[in-house]
Amino acid sequence: MGSEQHCLGIPNQCDFSRQLIAQALDGQPTLESISQVRLELANCLPCAQILDVEVRFKLAMGQACRESAPASLQIRITETLQRVVLDDLDIQDF
């Protein structure tokens, strides 16, 4: 990430900071990748704050996605998927 480019200090209009943030948060972010971007954005408080908001959002979404459906719904979905033949499905199956 260390390049000749730098943050322009214009939040939401700086392609450099947007690209850095997107790269750091792509896939499964690591503390190392996030720390590296923080260093790159150290001279631009607004862009560093955007990074922090994006990190918090990604963490919150990761937590929300870990929640499971109730067991009864999981069973209904499994049973429905096991007999997926388009002719046999009815709207009440869902």
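**View A. Cysteines of the predicted model.** Across the whole structure, a search finds 0 disulfides. The model shown here and in the following views is a predicted one. A disulfide is a covalent bond between the sulfur atoms of two cysteines. For Cys44, the closest cysteine sulfur is that of Cys47, at 3.5 Å, which is too far for a bond, because a disulfide requires the two sulfur atoms to lie within 2.5 Å. Cys44 is buried, with a relative accessible area of 5%. Cys47 is likewise classed as buried, at 1% relative accessibility.

**View B. Packing of helices α1 and α3.** Helix α1 spans residues 15-25, and helix α3 spans residues 45-64. The two helices pack with their axes 10 Å apart and at an angle of about 25 degrees. Angles under 35 degrees count as roughly parallel, and α1 and α3 are therefore described as roughly parallel to each other. Their crossing is right-handed.

**View C. Residues at the contact of α1 with α3.** From α1, the residues in contact are Ser17, Ile21 and Leu25. These meet Cys47, Ile50, Leu51, Glu54, Val55 and Lys58 of α3. Sorted by class, the contact comprises 6 nonpolar, 1 polar and 2 charged residues. Cys47, one of the α3 residues in this contact, is the cysteine whose sulfur is closest to that of Cys44.

View D. Leu59 belongs to helix α3. This residue is exposed, with a relative accessible area of 57%. Pro29 is 30 residues from Leu59 along the chain, and the C-alpha atoms of the two are separated by 9.6 Å.

Conventions: Residues numbered from 1 in each chain as written. Predicted model: local features only at pLDDT ≥ 70, side-chain atom pairs only at ≥ 80, totals over all residues. Heavy atoms only, no water. Helix = DSSP H or I, 4+ residues; strand = E, 2+ residues; numbered from the N terminus. Buried < 20%, exposed > 50% of the residue type's maximum accessible area, 1.4 Å probe, protein only. Axes fitted to C-alpha atoms, helices over the stretch in contact; angles between N-to-C directions. Parallel < 35°, antiparallel > 145°, perpendicular 65-115°, else oblique. Left-handed = near helix turned anticlockwise from the far one by under 90°. Contact = heavy atoms within 4.5 Å. Nonpolar A, V, L, I, M, F, W, Y, C, P; charged D, E, K, R; others polar.
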